[in-house]
Every structure is written in C-alpha cells, then in structure tokens.
Amino acid sequence: MTQILDYLALCGIYAERKSVYSDICELEHFGLDIISRKGKNAGYALASRTFETAQLKLLCDAVNASRFVTEKKSRELIGKIGGLTSRHNARELNRQLYMTERVKSGNETIYYNVDTLHGAVFAKKKVAFKYFEYNVQKNKVYRNGGAEYVVSPYALTFSDENYYLVSHYEKHGNLTNFRVDKMENIRILSEDAEDISKVTPENFKLSSYTKRLFGMFAGAEVSVKIRCENSLVNAVIDRFGRDIPVLPDGDSHFIATVNVADSPTFFAWVFTFGGKMKIVSPENIAQKFLSAVKDVEKIYE
C-alpha cells in the first residue's frame, strides 16, 4: 500500500489508505481479478489478464518466425506485446529467443502494404504498384519495365513464410500472385475491381486455389495421383489436408489423389522425398517431372 501511495504521489495524486482500499474494492466490483497478499510480503496483483503469458509468448514466437516482418519491426512488435502483461512478464518476453540469423524482409513498409491491400480488397477497388526483384548485384530491378502494375485484388494469403496478393492481372488473363514485400508505392484506385466470378471458372473457391499452389507458383490445375510409402502419409496430409482420397496400395504404399498447379515447385516437392514418392498419373505430368530430373542431372555430368 505504501508503494501505491508513493506512486500516486509521483503522479500528482494524493490519497489516503482508506480511499485506495475503497478504490480497489470498486475495481474488483468492476470485474478486475485482483488478489491481495497479507503478512510480511503484503501486496496486490492483477491475477488474470486478457492474454495469458503463455499466449503472449506464442505471439512473440510467431513474430520472430515471420520472415516478412523486418528485424526492426519485430522488436517493436514484441515490445508492444510486452505492454499487454506485467513488467515482470514483459522482461520474460524480452528474453524470448530472437532469431538473429534468420533471413528477414528488408521492406519496412510491409505493415502499411498489408493494411492498404486489405482496404482495397474490402472496398473492391483496383490497386496500382511497382514490383521489384533483385539482380546478382543485389540491386532492385523493377519488373514491367518499371511501369506500374494495375490489378484487381481479391485476397491476401500467407504461404511459405510470405504474404501474397491474389489478384487478376488483365495482361495475364487469369489469377496472378504477387509477394507483398516486393511491392512498392501501392495506391488504391477509384476504379472498381473486376468481379472475381467473371475471371475464374464456375464453382471457383479461393481456399482451394491457394491450397493447390506450391510457393504460390501459379499453373494449370491438374488432378495427380502419387504413389507413396506409408511413412509419407503425414507429409501428404499436412500439405493437402485430410479430405483427399487415400487408398492403400499393397502393405507398404498408398495412392493419394491431389489437385495441384502444374509447376516446377510441385516437382521440387515430389523430389524432396526421393524414391519414396512417384507420380503415377497423368502420364504427361510424370514425363514432365522425369524431364526436369534429367535436366538437373545434365548440369552435374
């Protein structure tokens, strides 16, 4: 109580013990879970908060692990998360492992990019922006000859530790994905976005679209059968979900039917498992995979 009175005095508030006791009772009546401890180490503490410490640690870990959040923004966010708990617990959060060796985005405007794009999706307005990549000198090189892209934004999705904008780019005539941390000078235009139903097949679902992509690499959708050793069942379910058809094929293998984008990144995923996974059908996809493997073999000859 002495510490409370001293702190109030520092704030220019002078109070008596009885009035503070009464205030604490009012706070408890209001719903705050205040616990009091009597005896030698008497004191007061807020027992429960909106977030438990374990939940805040989980949020800090997510910030640390997010590649698209820069190192500076990561530290700022963790500091603000610490403001949601007591000073003691905040110090604990600051001791959370910070992945200094982890590759982080260098785009400090990522927060504002995401916020602007969410606003455009909600308002159903087109957006304009510049899009860049890096050359071997590690310098930015703007695509599209440095001119702005103008697209109809439909959704923001998170894949392979990066944010992507799913949109319709008229030049490509179908859905195109842009990495948000490589977008600059984003502007919401007054022009209405194209209705997604007019630029996608019937019964199209964004959730299904993003699930079949690897690394957000777009390509023609195709139904593929893959034959796998039983040890890979968790890897397949983790990637495609529990709803995919899975049939036993002998005692040690199974065949799964999955819808994927015909893309090099899908082939790279299959290759990850070596001889434990095989593309069974369609034949043209199996041959494209085999051709890709032979192309890799040639550069090592």
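Select helix 1 to begin: with five residues, helix 1 gives the most to the lining of the largest pocket. Keep in mind that this is a predicted model.

**Stop 1: the largest pocket**

The space inside the largest pocket is about 970 Å³. Two or more lining residues come from each of helix 1 (2-10), helix 2 (17-30), strand 1 (34-37), strand 2 (43-46) and helix 5 (87-94). Colour those elements.

Now select Ile4, Tyr44, Ala45, Leu46 and Arg49. Of the 23 lining residues, these lie nearest the centre of the pocket.

Which classes of residue make up the lining of the largest pocket? There are 13 nonpolar, six polar and four charged residues.

**Stop 2: the whole chain**

Zoom out and switch to a cartoon view. Eleven helices and twelve strands make up the secondary structure of the chain. The chain has 301 residues, and 34% of them are buried.

Next, think about contacts along the chain. Take the contacts with a separation of 6 or more: 59% of them join residues 24 or more positions apart.

**Stop 3: the largest nonpolar core**

Select Val224, Ile226, Val236, Phe266, Trp269, Met277 and Ile279. They have the most contacts inside the largest nonpolar core, which has 22 residues. At least two residues of this core come from each of strand 9 (221-229), helix 9 (233-240), strand 11 (253-261), helix 10 (264-272), strand 12 (277-281) and helix 11 (283-298).

In soluble globular proteins, nonpolar side chains tend to be buried together.

Click on Ile279. What does Ile279 touch, leaving out residues up to four places away in sequence? Its partners are Val224, Lys225, Ile226, Phe266, Phe267, Val270, Ile285, Ala286 and Phe289.

Another core, of 18 residues, lies apart from the largest one. To find this other core, select Val114, Val127, Phe178 and Ile186, which are among its residues.

**Stop 4: a cis bond**

Select Ser281 and Pro282 and look at the backbone. The peptide bond joining them is cis, with omega about 0 degrees. Pro282 sits in the loop between strand 12 and helix 11.

**Stop 5**

Move to the loop between helix 9 and strand 10 (246-248), where Pro245 is found. Is Pro245 buried, partly exposed or exposed? Its relative accessible area is 47%, so Pro245 counts as partly exposed. Beyond its neighbours within four places in sequence, Pro245 is in contact with Ile255, Ala256 and Thr257. Try the distance tool on C-alpha atoms: Pro245 and Val258 are 13 residues apart along the chain, and 7.7 Å separates them.

Go on to Leu247, in strand 10. Leu247 has a relative accessible area of 59%, so it is exposed. Set aside its neighbours within four places in sequence, and Leu247 is in contact with Phe254 and Ile255. Draw another C-alpha distance, from Leu247 to Arg227. These two residues are 20 apart along the chain and 9.5 Å apart in the model.

**Stop 6: two positive phi values**

Lys124 is a residue other than glycine with a positive phi, near 60 degrees. The loop between helix 6 (110-123) and strand 3 (125-134) holds Lys124. At a relative accessible area of 61%, Lys124 is exposed.

Asn144 also has a positive phi near 60 degrees, and is not a glycine. Look for Asn144 in the loop between strand 4 (140-142) and strand 5 (149-159). Its relative accessibility is 28%, so Asn144 counts as partly exposed.

**Stop 7: Thr157**

Follow strand 5 to Thr157. Buried means under 20% relative accessible area. Thr157 has 16%, so it is buried. Thr157 and Leu206 are 49 residues apart in sequence, yet their C-alpha atoms are 9.7 Å apart in space.

**Last stop: cysteines**

Select Cys11 and Cys228. Cys11 is partly exposed, at 44% relative accessibility. Cys228 is buried, at 0%. How many disulfides does the structure hold? The number is zero. A disulfide is a covalent bond between the sulfur atoms of two cysteines.

Conventions. Residues are numbered from 1 along each chain as its sequence is written. This is a predicted model: local features need pLDDT of at least 70, side-chain atom pairs count only at pLDDT 80 or more; totals for chains, interfaces and linings use all residues. Side-chain values use heavy atoms; hydrogens and water are left out. A disulfide is a pair of cysteine sulfur atoms within 2.5 Å. Buried means under 20% relative accessible area, exposed over 50%, partly exposed in between (1.4 Å probe, protein chains only). On a 1 Å grid over the protein atoms alone, a cavity is a set of points where a 1.4 Å probe fits but cannot get out, and a pocket is an open set with protein on both sides within 12 Å along at least five of seven lines; lining residues have an atom within 4 Å of a point. Grid points are joined across faces, edges and corners, and a volume is the space filled by probe spheres set on the points. Helices (H or I, at least four residues) and strands (E, at least two) are DSSP runs, numbered from the N terminus. Ala, Val, Leu, Ile, Met, Phe, Trp, Tyr, Cys and Pro count as nonpolar, Asp, Glu, Lys and Arg as charged, and the others, Gly among them, as polar. A nonpolar core is a set of buried Ala, Val, Leu, Ile, Met, Phe, Trp, Tyr and Cys residues joined through side-chain atoms within 4.5 Å. Contact means heavy atoms within 4.5 Å.
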